[in-house]
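Please read the points below alongside the coordinates.

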Amino acid sequence: MSEVDYTALIPNNVDLASDAQLKRALEAWYPKYIDWWKNKGPVGFQDSEVYLRTAVGVDAEGWAKFGYVKMPEYRWGILLAPKEEGRTIAFGQHKGEPVWQEVPGEYRAMLRRLIVIQGDTEPASVEQQRFLGQTAPSLYDMRNLFQVNVEEGRHLWAMVYLLQKYFGRDGREEAEDLLKRTSGDADKPRILGAFNEATPDWLSFFMFTTFTDRDGKMQLESLASSGFDPLARTTRFMLTEEGHHMFVGRTGVERVIQQTCEVMTENGITDPTDKEAVRKHGAIDLATMQKKINFHYSVTLDLFGAEISTNAANSFNAGLKGRFRESKIDDDHQLENDTYPVARVVDGEVQIVDTPALSAINARLCDDYMDDCEKVMKRWNRVLQTHGLDYSLSLPHRAFRRAVGEFSDVYATVAGEIVSETEWHERKDEWLASDADLEYILSLMQSETSPGKYASWIAAPRAGINGQPGDFEYVKLAA
Ligand code: BYC
């Protein structure tokens, strides 16, 4: 079944109507979810009509319809990519066996942990972004924020479905707990570090959706090859939504760069490091953007876990979590005799060390992520080149400012040079936005709600959503 049943309270393509127990569990969870949405989701705008897309099918083409929706009435649902008949496990010790339609008993705890961690990030990001609607630089951006938010909500539904359908009472308890932890909360924080950081301004939001949602893509890609078929099918559909989130981030930052370049060109500013000259015109200087890149990228690298990880080796071996685009990799997909080059600290410097490939699964995924991020940097730098600016943005070294893994015990510069703790702290303003920089960004966060108008620090997008014209009213603000 690939069409989505919208007549049910919970839209779905999993024939929920025929599973009374699951239907009851999900219907009992629904009001708690709505409570969470209203209390920890977007502040304000709950009565506004937002031009949102809703999935109506899971096929590659035409899966979404667009229309005005009040966010609490969004049709969150359970959508799985179509089942592939005859699918077999693609990697690990069970390679070649039929995929599992039920949870394999021996891997129950491991699988539950992966699903809970994935599920925990989704509401966390909504919580992190909850105040941003109030300072949106345009209605177009506000609508994109809310689209991202409702879809993260749907991704939570996706994980809750798996927990409630396949993990019995434990699963129901985990589903409740997903609504109880809160981003940044001192007592009950979200599980992973980056999801407890604040997202106080729109540049942070665009950086987050560029870098942290891209971790989402990498992790979902690895789960999309899972031998546990319901997880693979769920994550495959989530990936189609994730694409838009990264688009919002990448083009968001690109538009900020574009605006800065235009301000520099129009006002004859030739020194890219002259931040005051740029700020005088209400734009964001390039050096501060570089510092924001340094922060968001390094925080996100930590989300890959330790480069060398027994957890990752076990979940690969078990056939639960593969690598990025596992089926396209040309090797035996079991890795028992393979090695992988991992960057480690040896004798006070970063060296590449051949390591058993199974234990280096996280390192490899992180490398693939870095390659993907480099492509983004190329696109951003193209804007600078087009404007003839002699400046380029770059990713910091993998060892910079790490809290998890190989580099968590050392202090490294953005170039990867290991320095003393004292030197690092003395120099950190060279690499990270200072309080004054962050205050400047915050001072720019004034909402712009006239259709077709944009705040001073960001350029208009190249095209509207779903082909809409430039002055389209993406959010009809409630009176
Ligand atoms: N913060 O063996 P290790 C997304 C814990 S984003 C705090 O190094 P492992 C999204 C770890 O839990 C994608 N704790 O790592 C984006 C473990 O604890 P226990 C989310 C951390 O397990 C934007 C211990 O340290 N999905 O979708 O190999 C918006 C040792 O762990 C952190 C997933 O991550 C950290 N950063 O790999 C919305 C996929 N890192 O269990 C959504 C599911 C590690 O020993 N998760 N720890 O107490 C996983 O695959 C793995 O759990 C991880 C860690 C890749 C996260």
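1. L335 counts as buried, at 3% relative accessibility; buried means under 20% relative accessible area, exposed over 50%, and partly exposed in between, with a 1.4 Å probe and protein chains only. The residue is not a glycine, yet its phi is positive, at about 65°. L335 belongs to the loop between α9 and β3, where helices (H or I, at least four residues) and strands (E, at least two) are DSSP runs numbered from the N terminus.

2. H333 also has a positive phi without being a glycine, with a value near 60°. Its place is in the loop between α9 and β3 (339-346). H333 is buried, at 10% relative accessibility.

3. On provenance: this is a predicted model, in which local features need pLDDT of at least 70 and side-chain atom pairs count only at pLDDT 80 or more, while totals for chains, interfaces and linings use all residues. Residues are numbered from 1 along each chain as its sequence is written, and side-chain values use heavy atoms, with hydrogens and water left out.

4. Where does the ligand sit? The ligand sits in the largest pocket. A pocket is an open set of points on a 1 Å grid over the protein atoms alone, where a 1.4 Å probe fits and protein lies on both sides within 12 Å along at least five of seven lines. A molecule sits in a pocket if more than half of its atoms lie within 2 Å of the grid points. The elements that give two or more residues to the shell around the ligand are α2 (108-128), α5 (202-224) and α9 (310-317). α2 gives the most, with seven residues.

5. The ligand is surrounded by 29 residues, the closest being Q118, A306, S309, K321 and N362; a residue is near a molecule if one of its heavy atoms lies within 4 Å of it. An N or O atom in the Q118 side chain is 2.6 Å from a nitrogen atom of the ligand. For S309, a polar side-chain atom lies 2.6 Å from a ligand oxygen atom, and for R113 the distance from a polar side-chain atom to an oxygen atom of the ligand is 2.8 Å. Of the 1,000 Å² of accessible area that the ligand has on its own, the protein covers 79%, by the Shrake-Rupley method with a 1.4 Å probe.

6. How many disulfides does the structure hold? There are zero, a disulfide being a pair of cysteine sulfur atoms within 2.5 Å. For C366, the nearest cysteine sulfur is that of C373, 8.8 Å away. C366 is buried, at 4% relative accessible area, and C261 is buried at 0%.

Technical notes: A polar contact is a pair of N or O atoms within 3.5 Å; within protein, one must be able to donate a hydrogen and the other to accept it, and residues adjacent in sequence count only if both atoms are side-chain atoms. On a 1 Å grid over the protein atoms alone, a cavity is a set of points where a 1.4 Å probe fits but cannot get out, and a pocket is an open set with protein on both sides within 12 Å along at least five of seven lines; lining residues have an atom within 4 Å of a point.
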